[in-house]
Amino acid sequence: MTKKIIRVAAAAIIDQEKGLVLAGKRNADRLVGGYWEFPGGKIEKGETPQQTAKREVEEELNAEIVVGPQLGKTVRYEYDFGIVELTVFFAKMTAHDFKLVAHSKIEWLPAAQVGKLNWAPADAPLIVELAKTDVKKVEF
Ligand SMILES: Nc1nc2c([nH]c(=O)n2[C@H]2C[C@H](O)[C@@H](COP(=O)(O)OP(=O)(O)OP(=O)(O)O)O2)c(=O)[nH]1
């Protein structure tokens, strides 16, 4: 049987002054639970991936973001439940307060150290790319 394609968009939220990136730990009861990820979710009909990233961050963190350039390329990863096509954008928060809905915790960490966390398997190439990026120089 051919697996379904799940198109996902997410946000690599950065603090450009401090050079930090936000990682969220998926709630344990969700698919791919317990892994670290970029806040985001499935692209809905009629949405651009950028709109999805913004909407999902509002839903998951109750925070507003400005969406910027794409981080690396769209990655494709085959899980047992389907094939995830993941597009991630750099983003910045317009205010600093948020609450956790879909995540058990979040962490702000230096871009060079993101590889220390146990990321969802699909994210591997993006984490390599992020670790090489000077987030202070990302242009919005
Ligand atoms: N948001 C996000 N999802 C990721 C990442 N890496 C990765 O493999 N995924 C997978 C996990 C899920 O199978 C899928 C995202 O779907 P989701 O379940 O979070 O999406 P959603 O919020 O729209 O859906 P739902 O839980 O309401 O059903 O992509 C990532 O970095 N960020």
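Predicted model: local features only at pLDDT ≥ 70, side-chain atom pairs only at ≥ 80, totals over all residues.
View 1. Phe38 brings its backbone instead, with an N or O atom 2.6 Å from a ligand nitrogen. (A polar contact here is a pair of N or O atoms within 3.5 Å; inside the protein, one must be able to donate a hydrogen and the other to accept it, and sequence neighbours count only if both atoms are side-chain atoms.) Overall, the protein covers 80% of the 620 Å² of accessible area that the ligand has on its own, by the Shrake-Rupley method with a 1.4 Å probe.

**View 2. Here is the shell around the ligand.** The ligand is surrounded by 19 residues, and the closest are Glu37, Phe38, Lys42, Tyr79 and Asp123; a residue is near if one of its heavy atoms lies within 4 Å. Sorted by class, the shell holds 10 nonpolar, 2 polar and 7 charged residues, with Gly counted as polar and Tyr as nonpolar. Which element gives the most to this shell? Strand 4 does, with 3 residues. Helices are DSSP runs of H or I with at least four residues, and strands are runs of E with at least two.

**View 3. Gln16 reaches over to two backbone oxygens.** Gln16 lies in the loop between strand 1 and strand 2 (20–26). Its side chain gets to the backbone oxygen of Val135 at 2.8 Å, and to that of Val138 at 2.8 Å.

**Notes on all views.** Residues are numbered from 1 along each chain as its sequence is written, and side-chain values use heavy atoms, leaving out hydrogens and water. Local features need pLDDT of at least 70 and side-chain atom pairs count only at pLDDT 80 or more, while totals for chains, interfaces and linings use all residues.
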